[in-house]
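Here is a short briefing on one protein model. Keep the structure open while you read, and find each residue as it comes up.

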Amino acid sequence: MSEVEQVVSPANDRFNRPLKDLRVSVTDRCNFRCVYCMPKSVFKKGYKFLPKSELLTFEEIEQVVCAAADLGVTKIRLTGGEPLLRRDLEHLISKIRGVDGITDISMTTNASLMTRDRAHSLRDAGLQRLNVSLDAMDDETFMKVNDVDVTVQAVLDGIEHAAQANFESLKINMVVKKGLNDQSILPMARFFHGTGQILRFIEFMDVGNSNAWNLSHVTTSQEIADLINAELPITPAKANYRGEVAKRWEYLDGGGEIGIISSVSDPFCGDCSRARLSATGSIYTCLFASSGHDMRPSLRTGDVNAVRDELNKLWFVRADRYSETRTQVSIIRPKVEMSFIGG
Ligand code: SAM
């Protein structure tokens with residue numbers, strides 16, 4: 001039995017949920033200004049992003065990952081902001097790959113900066129899976145979403161580079177906001193049908209306080225499934241594992257599968273095993289949290305046991321289930337921005 005097993009028993013939270021996944025935000029900066037995430041009205045010229053000195057170093061991130069792995073975390077997802085804006089990410093990935101217990105390293109990116117070389121170097125460093133965000137198939141809609149004139153082709157090129165680098169899985173995420181890009185649901189489904197790349201639709205969520213969220217902007221999972229089923233018949237498929245966030249649907253014609261993430265219309269807090277680490281070293285136990293817990297003081301002791309114990313205590317008292325208890329009042333209380341803690 002290892003020393004860690006003797007001194008620590010990983011806690012389940014108040015609702016008996018284990019800690020399994022850690023999402024690591026490596027930067028708060030993004031090269032997109034998606035209107036539902038980092039609207040220009042808030043994230044405009046002169047907006048004060050974090051100075052480099054405030055970001056956790058790769059060594060500090062590695063310490064948190066080691067502590068989390070001791071507590072049972074097996075999956076790490078790198079996110080942001082846009083993670084490809086952080087220099088030398090490959091170095092961080094190879095450090096994480098060396099951590100005992102971590103079996104899955106993935107990243108969420110807009111892929112606009114995914115060159116051929118970058119895709120290969122990330123893969124070689126040990127990145128296993130990639131989720132690429134893409135919200136439309138036509139430039140007019142896509143530019144309306146990203147608000148920085150990036151073309152669909154720029155992202156498709158990034159996806160192609162990733163495909164050639166042979167990641168274990170490559171998924172495409174589309175956030176659907178009614179009145180903004182819901183007309184792109186079918187074009188997206190048609191494009192990725194039969195490609196082997198799994199397209200996942202995400203209901204527009206009330207994360208952060210910048211996106212003027214309103215329930216009338218949510219196209220529900222059921223509406224999305226009905227729309228696709230009318231043209232490309234689909235049938236529900238079994239979850240791959242407990243706590244899988246996307247409900248899986250298979251095309252009846254053998255054209256592969258899609259996923260639908262119904263964070264608003266059918267929340268899945270009951271199975272949520274995720275913690276999030278901000279680029280400044282705060283742990284958030286819910287995507288909709290108002291505040292996080294600063295791990296830097298214990299990180300700066302250099303004692304991984306102290307970091308692990310602190311994380312364990314945080315998880316032990318966790319009682320978050322925001323999406324299941326969402327009310328008009330909770331919607332307007334201050335919440336951390338998604339660009340700060342990542343998707
Ligand atoms: N820049 C990277 C990207 O574009 O994938 C990673 C960070 S981004 C915050 C992660 C994911 O969160 C993206 O798929 C984005 O579309 C999604 N997202 C942001 N705001 C959202 C919202 N209000 N509702 C649902 N998804 C959202």
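**A residue on helix H8**

Glu-223 has a relative accessible area of 37%, so this residue counts as partly exposed. Glu-223 sits in helix H8. The model is a predicted one.

**Glu-223 and its contacts**

- Setting aside neighbours within four places in sequence, Glu-223 is in contact with Lys-178 and Val-218.

**Helices H7 and H8**

- Helix H7 covers residues 185-192, and helix H8 covers residues 221-231.
- Their axes are 10 Å apart and meet at an angle of about 55 degrees.
- H7 and H8 are therefore oblique to each other.
- The crossing of these two helices is right-handed.
- From H7, the residues in the contact are Ile-185, Leu-186, Ala-189 and Arg-190.
- From H8, they are Ile-224, Leu-227, Ile-228 and Glu-231.
- Sorted by class, the contact of H7 with H8 has six nonpolar, two charged and no polar residues.

**The largest nonpolar core**

- The largest nonpolar core holds 103 residues.
- Which of its members touch the most others? They are Leu-22, Leu-78, Phe-201 and Ile-228.
- Helix H2, residues 58-70, gives the most to this core, with seven residues.
- Ile-228 also takes part in the contact between H7 and H8.
- Leaving out neighbours within four places in sequence, Ile-228 is in contact with Ile-185, Leu-186 and Ala-189, among others.
- Further contacts of Ile-228 include Phe-201, Pro-233, Ile-234, Tyr-251 and Ile-258.

**Helices H2 and H10**

- Helix H10 spans residues 304-316.
- The axes of H2 and H10 come within 8 Å and cross at roughly 60 degrees.
- That angle makes H2 oblique to H10.
- H2 passes H10 in a right-handed crossing.
- On the H2 side, the contact involves Gln-63, Val-64, Cys-66, Ala-67, Ala-68 and Asp-70.
- On the H10 side, it involves Val-304, Val-307, Arg-308 and Leu-311.
- The residues of this contact divide into seven nonpolar, one polar and two charged.

**Leu-311 on H10**

- Is Leu-311 buried or exposed? Leu-311 counts as buried, because its relative accessibility is 3%.
- Leu-311 belongs to helix H10.
- Not counting residues up to four places away in sequence, Leu-311 touches Leu-19, Ala-67, Ala-68, Leu-71, Ile-283 and Met-295.
- Leu-311 and Met-295 are 16 residues apart along the chain, and 8.4 Å separates their C-alpha atoms.

**Two loop residues with positive phi**

- Asp-147 is not a glycine, yet its phi is positive, at about 60 degrees.
- Asp-147 lies in the loop between helix H5 (139-146) and helix H6 (152-164).
- Asp-147 counts as partly exposed, with 26% relative accessibility.
- Ala-212 is not a glycine either, and has a positive phi of about 50 degrees.
- Where is Ala-212? Ala-212 is in the loop between strand E6 (198-203) and H8.
- Ala-212 is exposed, with a relative accessible area of 61%.

Definitions and conventions:
Residues numbered from 1 in each chain as written. Predicted model: local features only at pLDDT ≥ 70, side-chain atom pairs only at ≥ 80, totals over all residues. Heavy atoms only, no water. Core = buried A, V, L, I, M, F, W, Y, C linked by side-chain atoms within 4.5 Å. Buried < 20%, exposed > 50% of the residue type's maximum accessible area, 1.4 Å probe, protein only. Helix = DSSP H or I, 4+ residues; strand = E, 2+ residues; numbered from the N terminus. Contact = heavy atoms within 4.5 Å. Axes fitted to C-alpha atoms, helices over the stretch in contact; angles between N-to-C directions. Parallel < 35°, antiparallel > 145°, perpendicular 65-115°, else oblique. Left-handed = near helix turned anticlockwise from the far one by under 90°. Nonpolar A, V, L, I, M, F, W, Y, C, P; charged D, E, K, R; others polar.
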